[in-house]
Amino acid sequence: MAKKNIPYDQKYYDPEIECMPRPELEKLQLERLQEMVKYAYDNTVYYHRSFDEAGVAPEDIKTLSDIQKLPFINKQTERDTQHVGTFFGEMCSVPEDDVVFMATSSGSTGVPTVSPFTQEDFDLWQDTEARLFWQAGMRPNDRYVHGLNFALYVGGPDVIGAQRLGATAIWVGAVPSDRLMFVLQHYQPTVIWTSPSYAWALGEKAKAKGLDPKKDFSIHTIIVAGEPGGSIKSTREAIEEMWGAKVVDFFGLSDIYGACAAMCEAKDGLHIVEDQILVETVDPVTGEVLAPGSKGELVYTTLMKKARPMIRFRTGDIGYVSTEKCECGRTHARIHVTGRKDEMFIVGAVNVFPSDVEYVVRAERGLTGEYSIRVYNENYTTRYEVSVERAQGSDEAYDAVSKRVEQALKAHTGVRPAKVIVFDAGKLGVSSEHKASRFIDERENN
Ligand SMILES: [Zn+2]
């Protein structure tokens with residue numbers, strides 16, 4: 001697909017779609033939903049069976065809210081049906097010959113799931129990435145470092161979206177930090193995509209080598225994804241301050257696209273590409289559909305994907321959706337992901353998410369910002385303990401740091417941690433990986 005000729009100062013990549021009045025957008029969504037439900041029913045072993053079992057036919061979808069008649073799917077549905085009958089299994093709607101690309105999930109929550117794309121799906125995906133990159137501030141005169149893993153990962157091909165926009169793409173992938181630092185110093189790229197924890201760790205490493213990310217690099221925009229950090233104000237601002245660059249949060253799913261949603265300059269949630277993805281919020285326990293603005297589990301339906309339609313996919317992500325017009329002028333709904341259903345822990349009847357803890361750790365002075373959380377059961381009660389690092393050169397007593405952080409956690413989350421353990425800078429050992437594992441769940445029967 002050819003590059004679009006858009007003036008660099010034009011705010012929107014595709015104004016007609018991005019700023020479409022909601023009644024029109026919803027009309028478009030309904031048309032696409034009706035087509036997709038019929039397509040899925042006619043071409044997919046799984047959907048044909050599950051719609052029949054639920055006693056619902058494609059003709060029953062007369063309004064957008066009729067989507068509630070359709071059954072949910074989740075990761076387990078994908079696992080149970082993949083490779084059944086054919087290689088791509090019962091949820092795939094096309095012959096294998098029509099599939100040109102597959103990504104897989106990380107498998108961090110079980111058997112990896114395989115995500116197939118037709119050529120048409122792939123092209124639409126990359127056009128969508130170009131739109132989101134433009135929204136993040138990327139232009140054809142940018143040099144873009146794609147710092148995401150290419151191995152099986154759905155974030156890998158997103159680099160093609162940057163090329164489609166016209167930027168110079170540097171396919172770096174997940175390389176050792178010295179190599180990446182060489183690229184940043186010698187090629188002077190202007191936009192980079194990595195995880196928030198890695199952006200932070202990389203800045204620290206650069207500083208330890210006597211470099212100043214603000215002066216020695218030319219990055220003006222850091223795209224982050226994969227962890228909640230980009231939507232946590234204190235984390236985002238700490239990275240922005242360190243790099244002298246703007247941080248833009250992206251959100252994607254291996255089951256759909258590398259990025260499905262991105263932050264705009266208003267930095268109040270991430271616009272989801274609603275012309276292609278329908279979003280619902282449901283009660284994480286009962287599945288009851290909630291009104292926009294209510295906090296619950298986010299559920300997505302793809303309106304255009306042909307290889308494997310995802311209809312009412314329960315993500316396990318907890319958050320809320322705002323549908324009112326954003327100050328940036330875009331009309332597409334904004335998602336606010338606040339945590340994972342499986343990482344939520346309940347202490348004394350209070351729901352706590354790792355992102356709440358991160359907020360505190362990044363906002364408190366005198367810390368490096370690194371942390372880990374351990375959740376465990378003791379005497380039939382769930383408890384949590386948090387490990388943090390004192391800032392480089394800090395001589396504040398461990399006890400004093402611990403008390404201060406404990407009080408801040410109590411004030412922000414509503415429940416006091418069992419313990420706050422204080423390490424010296426760099427001793428916690430969680431920042432070495434691109435996607436840090438900071439959450440240790442030792443609860444039994446969870
Ligand atoms: Zn906006």
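Two residues are in contact if their C-beta atoms, placed from the backbone, lie within 7 Å. Helices (H or I, at least four residues) and strands (E, at least two) are DSSP runs, numbered from the N terminus. The structure is a predicted model, in which local features need pLDDT of at least 70 and side-chain atom pairs count only at pLDDT 80 or more, while totals for chains, interfaces and linings use all residues. Residue numbers start from 1 along each chain as its sequence is written.

The protein chain is assigned domain 1 (9-341) and domain 2 (344-441), with bounds that come from an automatic or database domain assignment. Their C-alpha centres lie 29 Å apart. To the contact between them, domain 1 contributes 21 residues and domain 2 contributes 13 residues. On the side of domain 1 that touches domain 2, helix H8 (196-208), helix H10 (233-243) and strand E13 (334-340) each supply at least two residues. H8 gives the most to this side, with 4 residues. By class, this side of domain 1 has 8 nonpolar, 10 polar and 3 charged residues; here Ala, Val, Leu, Ile, Met, Phe, Trp, Tyr, Cys and Pro count as nonpolar, Asp, Glu, Lys and Arg as charged, and the others, Gly among them, as polar.

H8 is mostly covered, as 10 of its 13 residues are buried; a residue is buried if 20 or more other C-beta atoms lie within 10 Å of its own, exposed if 12 or fewer, and partly exposed in between. Among the buried residues of H8 are Tyr198, Trp200, Leu202 and Glu204. What covers the buried residues of H8 includes helix H7 (177-186), strand E5 (191-194), H10 and strand E16 (367-378). Just after H8, Gly210 takes a positive phi of about 85°.

The axes of H8 and H10 come within 10 Å and cross at roughly 35°; these axes are lines fitted to C-alpha atoms over the stretch in contact, and angles run from 0 to 180 degrees between N-to-C directions. The contact is made by Pro196, Ala199, Trp200 and Gly203 of H8 and by Thr235, Ile239, Met242 and Trp243 of H10. It has 6 nonpolar, 2 polar and no charged residues.

Helix H5 (residues 119-136) has 18 residues and reaches 26 Å from its first C-alpha to its last, close to the 26 Å expected. Its buried residues include Trp125, Leu132, Phe133 and Trp134. Strand E2 (114-118), helix H6 (159-165) and strand E7 (246-251) are among the elements that cover the buried residues of H5.

Ile256 lies in the loop between E7 and E8. Ile256 counts as buried because 24 other C-beta atoms lie within 10 Å. The C-alpha atoms of Ile256 and Trp125 are separated by 8.9 Å, although the two are 131 residues apart along the chain. Leaving aside neighbours within four places in sequence, Ile256 is in contact with Ile277, Tyr300, Thr302 and Met310.

Notes. Expected span 1.5 Å × (residues − 1).
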